[in-house]
Amino acid sequence: MNTLCHVFAIILSLISIEKVSAIDFRIVGGSKAPEEYGKFHASIQNVTGHHVCGGAVVSKWYVVTAAHCVHGANPRFMNIVAGTNNLDVGGKRYKVASIIVYDRYNSTSREHDIGLLRTKRPFDLRFIEILELRRQTLEEGDEVTLVGFGAQKPHGSSTRKMYVLELPVFNQEICEYAMRYNRPVTDGMFCTFTKIGEGTCHGDSGSPLIKGKELVGVVSWGIPCAVGFPDVHTRISPYVEWIQSHIKQYFCYI
Ligand SMILES: *[C@@H]1O[C@H](CO)[C@@H](O)[C@H](O)[C@H]1NC(C)=O
Ligand SMILES: *[C@@H]1O[C@H](CO)[C@@H](O)[C@H](O)[C@H]1NC(C)=O
């Protein structure tokens, strides 16, 4: 390892060592996910092995999740189980080395609700798949796929089996209007909506939304459990450079 890499490693290890706050949101109205959807998913778990939030594997060392899932958390009390669609069977467990929350993340407005977890050892790519990041913007009506281990009804607990749901990107202006009593829906966010009985629930936060093999979004906020409001997600495209800059700093460990 060269000196430059060493310096980066030290800087990275000093970034945000913080405690886990309350987390939310399982998919309502979805179907059991086939094995392939488990390959790139990262279940963020607490010390007792409970699924707390979802995430997506985006490099050999990094998971993208929602900032609100990891903000203020201590990486020592967190584990990642990646590469499975069933938390009781298979999957590989990884310790978290550091938490990186986007510096302009605002916990009140949920703007820039994106964060990274770096693992202590590289993901085993025989079992785990890396998702590409989508730079292209999403259009209204684009079909995206949500995968996660969230609850299937209000006040329910997370499932051990992964669910998948196809959702169309919802009209941004109508979404803003629908959510006006909650928070503003900003450009860094997009919405999905089909009907009552289809959407995100407790434990889905941080879960990936994909289009093909590309990560397009991360579950951020909403009125949980598909009671008739759109779900709001962090858009990936504005954050691709930021994510890439962290991944590149760690190239030397490949
Ligand atoms: C882990 O999460 C579960 C489910 O939310 C909770 O009941 C449990 O108390 C948590 N364990 C710790 C140590 O925080
Ligand atoms: C966070 O968002 C809230 C609500 O929009 C706003 O009042 C506050 O000033 C923001 N905080 C920062 C640090 O920008």
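The entries below follow the order of my look-ups.

**Entry 1: conventions.** I noted that residues are numbered from 1 along each chain as its sequence is written, while chains are lettered from A and ligands numbered from 1 in the order in which they are written. I also noted that this is a predicted model, in which local features need pLDDT of at least 70 and side-chain atom pairs count only at pLDDT 80 or more, whereas totals for chains, interfaces and linings use all residues.

**Entry 2: confidence.** I looked up pLDDT, the predictor's confidence in each residue, from 0 to 100. The protein averages 85, and 87% of the residues score at least 70. Over residues 1-26 the pLDDT stays under 50. Where pLDDT is low, the predicted coordinates should not be read in detail.

**Entry 3: make-up.** I found 4 helices and 14 strands in the protein; helices (H or I, at least four residues) and strands (E, at least two) are DSSP runs, numbered from the N terminus. Of the 254 residues, 49% count as buried. A residue is buried if 20 or more other C-beta atoms lie within 10 Å of its own, exposed if 12 or fewer, and partly exposed in between, with C-beta atoms placed from the backbone.

**Entry 4: the barrel.** In which order do the strands of the closed barrel run? I read the order as β2-β3-β4-β7-β6-β5, 6 strands with antiparallel pairing. From one strand to the next, the twist averages 40 degrees. Helix α4 (residues 240-249) packs on the sheet and touches β4, β6 and β7; contact requires C-beta atoms, placed from the backbone, within 7 Å. The direction of α4 makes about 160 degrees with that of β4. Axes are lines fitted to C-alpha atoms, for helices over the stretch in contact, and angles run from 0 to 180 degrees between N-to-C directions.

**Entry 5: pairings.** Two strands pair if DSSP finds at least two bridges between them. Strands β3 (residues 51-57) and β4 (residues 62-65) are antiparallel and share 2 bridges; Val-57 has Val-63 of β4 as its bridge partner. Strand β4 is joined to β7 by 4 bridges, and Val-64 has Leu-116 as its partner there.

**Entry 6: strand β7.** Is β7 covered on one face or on both? I found both faces covered, with Gly-115, Leu-117 and Thr-119 buried on one side and Leu-116 and Arg-118 buried on the other. In a regular strand the side chains alternate between the two faces of the sheet.

**Entry 7: Arg-93.** This residue is found in strand β6. Arg-93 counts as exposed because it has 11 C-beta neighbours inside 10 Å. Beyond four places in sequence, Arg-93 is in contact with Asn-79 and Val-81.

**Entry 8: the loop between β6 and β7.** Both Arg-110 and His-112 have their place here. Phi of Arg-110 is near 60 degrees, and that of His-112 is about 55 degrees. Most residues other than glycine have a negative phi. Arg-110 counts as buried because it has 22 C-beta neighbours inside 10 Å; His-112 counts as buried because it has 21.

**Entry 9: ligand 1.** I found Asn-46, Val-47, Thr-48 and His-50 around ligand 1; a residue is near a molecule if its C-beta atom, placed from the backbone, lies within 6 Å of it. By class, this shell has 1 nonpolar, 3 polar and no charged residues. Ala, Val, Leu, Ile, Met, Phe, Trp, Tyr, Cys and Pro count as nonpolar, Asp, Glu, Lys and Arg as charged, and the others, Gly among them, as polar.

Terms used:
Two residues are in contact if their C-beta atoms, placed from the backbone, lie within 7 Å.
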